Amino acid sequence: MTASFTSRTTAGKSRIAAVGAIVVAGSLLLTACGDQTDSGKKDSPATTKSAPLADQLPKAIADKGVIKVGSDIAYPPVEFKDDAGKTIGIDPDIADALGKQLGVKFEFENGTFDTLLTGLRSKRYDIAMSAMTDTKARQDGVDSETGKKVGEGVDFVDYFTAGVSIYTKKGDDKGIASWSDLCGKKMVVQRGTVSHDLAKAESTKCTDGGKKAIGIQAFDNDQLAQTRLRAGGADAGSSDFPVAAYAVKTSGGGNDFQLVGEQIEAAPYGIAVAKGNDELSKALQAALDAIIKNGEYDKIIAKWGVDAGAVKEATINAGT
């Protein structure tokens, strides 16, 4: 079934208003992408000072000619590896287009999702680009569950909009049609994601209402979560809608999973940049605006069948 967006607030998190459903193209190829040890690198244009926006980059990055990208490269169709081990997907294609504007290479380095911002703070990466939802908590460096300060926070250059969906084994939805039906059920998610936050918040609602908690199983990547559900170790899973829809369309030839209920929490994906690195943030924003204006952005979005998530302009810290 095709899910639709519904505005929803959980655990003190208000989100961006709902947008139309995203349809993932049926022609996308299922690929093996479970390797979490090799660094994926996306081929990018040669570094050149004559690129349209090269002069907007920080000198250190311009001189280096490379922007190192922290990413969890196991999240099709956003970023994943093809059969040859090459990093492909929505994010690498957009990064490649940005590189043409800025005259630098974007090199993707593989890491687990919940360590990407730590890697950014330690300067292992210049940016993090990994279907990361722009939230006020992440901007402020606040743990979304405890409300405590855990870091300096980051700035986001927002480039896409997506919500969150629930999926189950095909033909066996366990009576789940919404988040409120998950009380007492077992659920798989990727650790540190919005889906994980939503599951914890919903579980608290369950127990506060005298019902059983959700049995949340959090994994390092979405592929492991899907494997657990496929094997019957859980009742449902949750991912960003493009990812969930891709899994439904491709896993087992479309016979493993099904979407249930409505898509919720529509919010922007952002490229994370360390606080204080305003020059890099503004350069990325200018490059994104440039590819939106010249039509290359729309071509990339259409290629991956996620047109309804496209943005019309680049913004910074639009998440709430």
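How many residues in the lining of the largest pocket are nonpolar, polar or charged?

## The largest pocket

The lining divides into nine nonpolar, eight polar and nine charged residues. Here Ala, Val, Leu, Ile, Met, Phe, Trp, Tyr, Cys and Pro count as nonpolar, Asp, Glu, Lys and Arg as charged, and the others, Gly among them, as polar. The model is a predicted one, where local features need pLDDT of at least 70, side-chain atom pairs count only at pLDDT 80 or more, and totals for chains, interfaces and linings use all residues. Residues are numbered from 1 along each chain as its sequence is written, and side-chain values use heavy atoms, with hydrogens and water left out.

The largest pocket holds about 500 Å³ of space. On a 1 Å grid over the protein atoms alone, a pocket is an open set of points with protein on both sides within 12 Å along at least five of seven lines, a cavity is a set where a 1.4 Å probe fits but cannot get out, and lining residues have an atom within 4 Å of a point. Grid points are joined across faces, edges and corners, and a volume is the space filled by probe spheres set on the points.

## The largest cavity

By this rule there are three cavities of 30 Å³ or more. About 70 Å³ of space lies in the largest cavity, and its lining includes Asp-72, Tyr-75, Phe-113, Arg-138 and Asp-240. That lining divides into four nonpolar, four polar and three charged residues.
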